[in-house]
Amino acid sequence: MLRQALHRFGQKLVRRRKLEQPVAETASASKLSTLDLVALGVNYTLGAGVYFLAGEVASNQAGPAIVICFLVASLSCALAGLCYAEFSTRVPYSGSAYLYTYVTMGELWAFITGWNFIISYVAGTASVALAWTLAFDYLIGNQLFQAHGSVLLHVPQILLEYTDFFAMGLVLLLTGILALRDWQSILVTKLVTLVSFLVLSFFIISGFIKGDLHNWKLTEEDYVKAGLNGTSSLGPLGYGGFVPFGFPGILRGAATCFYAFIGFNNIVTRVEEAQNPERSIPMGIVISLLISSLIYFGVSAALTLMVPYYQIHPGIPLPEAFLHIDWKLASYVVATGGLFTVFTTILNNIFSTHQMISVMAKDGLLFHVLARTHTSKDIPVMAIVVSGIMAAIMILLFELIDLVDFMLVGILLTHSLVATCVLILRYQPERKNGGNEAQVQEENGGNEAQVREENGGNEAQVREENGGNEAQVQEENGPEAEKLTLQGLFFPGSRTPTPLSGQVVYVCSSVLALLLTLLCLVLAHWPGLLSGDPGPITVVVLLLVLITGITGVIWRQPQSSTRLPFKVPALPLLPLLSIFVNVCLMMQLATGTWLRFGVCILSGFALYFGYGIQHSHLEKST
């Protein structure tokens with residue numbers, strides 16, 4: 001009895017969502033072109049990261065090597081973007097990574113992904129609102145700070161009492177506006193994106209004209225001439241040169257720079273509005289990431305050429321850079337451009353958050369009241385209000401840099417889950433009854449709740465008749481079932497995926513994710529590694545051997561031959577590289593960030609096991 005109860009409980013955790021065909025109204029309402037999606041992607045990414053965090057990274061973490069930090073962050077996003085692009089062609093429905101994990105890995109992973117998305121974008125809303133107050137206060141002559149006291153230059157200390165309440169009021173105001181009128185103006189998005197592009201292009205050109213290459217070669221003599229003796233009001237000066245804070249500074253800076261690219265994955269939430277989603281979504285993701293990467297590289301290079309890194313203002317670096325070269329009018333132009341860009345970023349973050357809350361509430365994983373909409377305008381008022389209140393509370397509880405790190409953990413974890421899903425799904429067996437591969441996997445891949453709904457009979461007999469549970473079939477049909485052998489791991493007998501090969505990849509992918517996490521932990525936190533200590537070197541070599549062997553097992557399994565407009569190349573290497581880079585960046589974050597994130601995840605588990613698992617629409621369908 002206990003064994004059966006545990007088995008049923010485990011089946012609930014891995015039950016998968018069955019996708020339904022989109023209705024005709026959705027298809028006819030499609031109107032977003034590839035250019036529209038590129039504009040959305042660039043608008044989502046060119047926000048607070050480029051206008052505000054560039055100064056924090058350059059002055060305190062990486063110096064001129066911030067350009068390398070942005071390259072590393074863009075590599076991580078490019079790998080994740082490829083995975084999102086393939087998923088958008090396999091599962092052409094709105095829902096982002098939450099839906100993808102729901103149809104491939106099961107309900108528990110889907111909840112974790114969705115909950116990560118919510119808390120990450122709530123933190124993003126709070127951080128961008130705080131950043132917006134910096135630009136606004138700059139335009140009004142630092143009146144907010146003067147009202148409270150002297151201006152502190154370090155970003156974690158600059159967010160004083162008045163600015164916290166000002167940012168909170170801004171979020172609540174925009175929440176009320178969204179609750180009354182939905183924010184979906186593609187024309188406004190295009191205009192704001194164009195303004196931001198022009199402002200940043202002006203900054204890049206100005207920086208290359210007025211910049212000094214010597215600022216990338218600073219030495220101790222330059223510090224002495226500037227009246228500095230190893231430290232400044234901004235913190236330690238580092239070792240000088242192009243990489244003043246060494247390789248650890250580049251890694252820490254890359255983790256922070258990743259924040260600048262957050263948002264490109266929101267393109268996949270507009271799948272059902274796209275004219276040709278199988279083609280335009282992948283192109284929109286890739287092109288918007290390329291444009292954003294080039295702009296970030298140019299801005300960071302121009303900034304560090306115009307101003308010595310130890311004199312860069314962490315809070316509002318771009319306007320202050322123009323003041324450094326006595327271009328006062330240009331500083332106000334850049335500050336105004338940042339003000340409008342970040343304003344739309346706040347709206348986009350709140351919009352994305354309430355979309356996810358509403359979707360999860362409709363699926364029964366969150367309280368159903370959150371899915372209620374305004375009768376005349378179909379606006380999820382409760383979801384919008386809750387997302388706004390959560391962001392306002394975070395503004396009062398956390399500082400800007402803490403919110404940035406908090407958002408980074410959730411988004412990097414979500415990108416890793418998407419890469420794992422792509423790796424698993426590519427090796428799953430195809431079914432002859434047609435339809436989307438994810439749907440087929442859901443219909444035939446062992447979802448106990450769906451099988452009981454469709455056949456309504458004895459659970460063991462249903463699994464035997466439909467082939468849903470491989471273990472049951474093997475037990476009852478004996479010789480007809482596949483058997484796992486050592487030879488079969490490296491030399492499978494079929495050229496097409498089978499249920500057994502799919503399970504092999506599922507298990508191997510999970511083990512690889514664990515091994516890659518252990519490898520990143522050793523590389524980041526074992527100090528004896530660089531000193532030649534044989535202990536950590538032996539551990540690293542052992543982990544690399546295991547990772548190589550298991551990767552070889554996955555590589556030998558047959559892949560799905562389903563024709564798609566876009567597929568991630570070089571499987572299984574690129575998804576595994578994406579997971580490795582993401583985990584490496586996560587390891588650079590502070591312990592306090594992980595503690596705060598852990599508390600939020602535990603609260604999510606309490607919500608899921610206390611409410612979601614019992615009220616899931618899959619539970620009701622049984």
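Trainee: What should I know before I start?
Mentor: The model is predicted, so local features need pLDDT of at least 70 and side-chain atom pairs count only at pLDDT 80 or more, while totals for chains, interfaces and linings use all residues. Residues are numbered from 1 along each chain as its sequence is written, and side-chain values use heavy atoms, with hydrogens and water left out.

Trainee: How many salt bridges does the count come to?
Mentor: Six. A salt bridge here is a side-chain nitrogen of Lys or Arg within 4 Å of a carboxyl oxygen of Asp or Glu.

Trainee: Why would such side chains pair at all?
Mentor: Side chains of opposite charge can do so when their charged atoms come close.

Trainee: Which residue meets Arg15 in a salt bridge?
Mentor: Glu107, at 3.0 Å from N to O. Arg15 lies in the loop between helix H1 (2-14) and helix H2 (24-28), and Glu107 is in helix H7 (residues 107-139), so the pair ties together parts 92 residues apart in sequence. Helices are DSSP runs (H or I, at least four residues), numbered from the N terminus.

Trainee: Is Arg15 buried or exposed?
Mentor: Arg15 is buried, with a relative accessible area of 3%, and Glu107 is buried at 0%. Buried means under 20% relative accessible area, exposed over 50%, and partly exposed in between (1.4 Å probe, protein chains only).

Trainee: Which residues are in the network of salt bridges?
Mentor: Lys12, Arg15, Glu107 and Glu619.

Trainee: What about Glu86, which residue is its partner?
Mentor: Arg426, with the closest N and O atoms 2.7 Å apart. Glu86 sits in helix H5 (residues 66-90) and Arg426 in helix H18 (residues 400-426), 340 residues apart. Both Glu86 and Arg426 are buried.

Trainee: And Arg596, what does its side chain meet?
Mentor: Asp402, in a salt bridge of 3.5 Å, N to O. Arg596 belongs to helix H27 (residues 591-615) and Asp402 to helix H18, 194 residues apart. Arg596 counts as partly exposed, at 24%.

Trainee: New topic. Which residues make the nonpolar surface patch?
Mentor: Phe165, Leu172, Ile389, Ile393, Leu396 and Leu397, about 560 Å² in all. Patch residues have over 30% relative accessible area and no salt bridge; like charges are joined within 9 Å, nonpolar side chains (Val, Leu, Ile, Met, Phe, Trp, Tyr) within 5 Å. Accessible areas come from the Shrake-Rupley method with a 1.4 Å probe, and for residues only the protein chains shown count as cover.

Trainee: Which helix gives the most to it?
Mentor: H17, with four residues. Helix H10 (161-180) and helix H17 (381-397) each supply at least two. Ile389 lies in H17 and is partly exposed, at 41%.
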